[in-house]
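Please keep the sequence and the structure in view while reading.

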Amino acid sequence: MTYVVTDACIRCKFMDCVEICPVEAFHEGANMLVINPDVCIDCGACVPECPADAIVPDIDREAAPWMEVNKRWSAAWPVISLRGETPAEADAHRGEAGKYEKYFSAEPGAGG
């Protein structure tokens, strides 16, 4: 089992999960994070740290479409190990539906 980030992270990108990860499995895009499934050790420490409830185990029915998104973009985006700034509009986008179609950006984040 591994964990994946869903579209609930897009434009929220709280990053509370990043510093708790013992193996630096998170990668940063311009407006969301993803987890590298080959690095994740399945500890689950990140799940309760996410205020947007954007992290789910790969066995969750919600995870299926996000497995490929996490795998693809973790190979392209920089590793992030330090918590960065939460976007100013994060709370306004928390719980919004259809964020991937509306807002996803393939641009990498700053990493760190």
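## Overall build

What percentage of the 112 residues in the protein do buried residues make up? The share is 44%. The model is predicted. Values below are computed from it.

The protein has three helices and four strands. Along the sequence they follow the pattern β-β-β-β-α-α-α. The C-alpha trace spans about 30 × 30 × 25 Å along its principal axes.

Contacts across the sequence come next. Among contacts with a separation of 6 or more, 77% join residues 24 or more positions apart. The accessible surface is about 5600 Å². Carbon and sulfur atoms contribute 50% of that surface.

## Nonpolar core

The largest nonpolar core holds 32 residues. Val5, Phe26, Leu33, Ile35 and Ile55 have the most contacts inside this core.

Leaving out residues up to four places away in sequence, its partners include Val5, Cys9, Met15, Cys17, Val18, Phe26 and Ile80. Lys13, His27 and Glu28 are also among the residues that Leu33 touches.

## Aromatic pairs

The count of aromatic pairs is five. One of them is Trp66 with Tyr100, an edge-to-face pair with 5.4 Å between centres and 70° between planes. This pair links distant parts of the chain: Trp66 lies in helix H1 (residues 64-76), Tyr100 in helix H3 (residues 99-103), 34 residues apart. Tyr100 is partly exposed, with a relative accessible area of 26%.

Trp73 and Phe104 form a tilted pair, with centres 5.5 Å apart and planes at 50°. Here too, distant parts of the chain are linked: Trp73 is in helix H1 and Phe104 is in the segment after H3, 31 residues apart. Trp73 counts as buried, at 11% relative accessibility.

## Cluster and charge

Which residues form the aromatic cluster? Trp66, Trp73, Trp77, Tyr100 and Phe104 form one cluster.

Another ring meets a charge. The charged end of Arg11 sits over the ring of Tyr103, 4.5 Å from the ring centre.

Technical notes. Residues numbered from 1 in each chain as written. Predicted model: local features only at pLDDT ≥ 70, side-chain atom pairs only at ≥ 80, totals over all residues. Heavy atoms only, no water. Phe/Tyr/Trp six-rings, centres within 6.5 Å; stacked < 30°, edge-to-face > 60°. Helix = DSSP H or I, 4+ residues; strand = E, 2+ residues; numbered from the N terminus. Buried < 20%, exposed > 50% of the residue type's maximum accessible area, 1.4 Å probe, protein only. Lys NZ or Arg CZ within 6 Å of the ring centre and 35° of its normal. Core = buried A, V, L, I, M, F, W, Y, C linked by side-chain atoms within 4.5 Å. Contact = heavy atoms within 4.5 Å. Areas by Shrake-Rupley, 256 points an atom, 1.4 Å probe, with all protein chains shown as cover.
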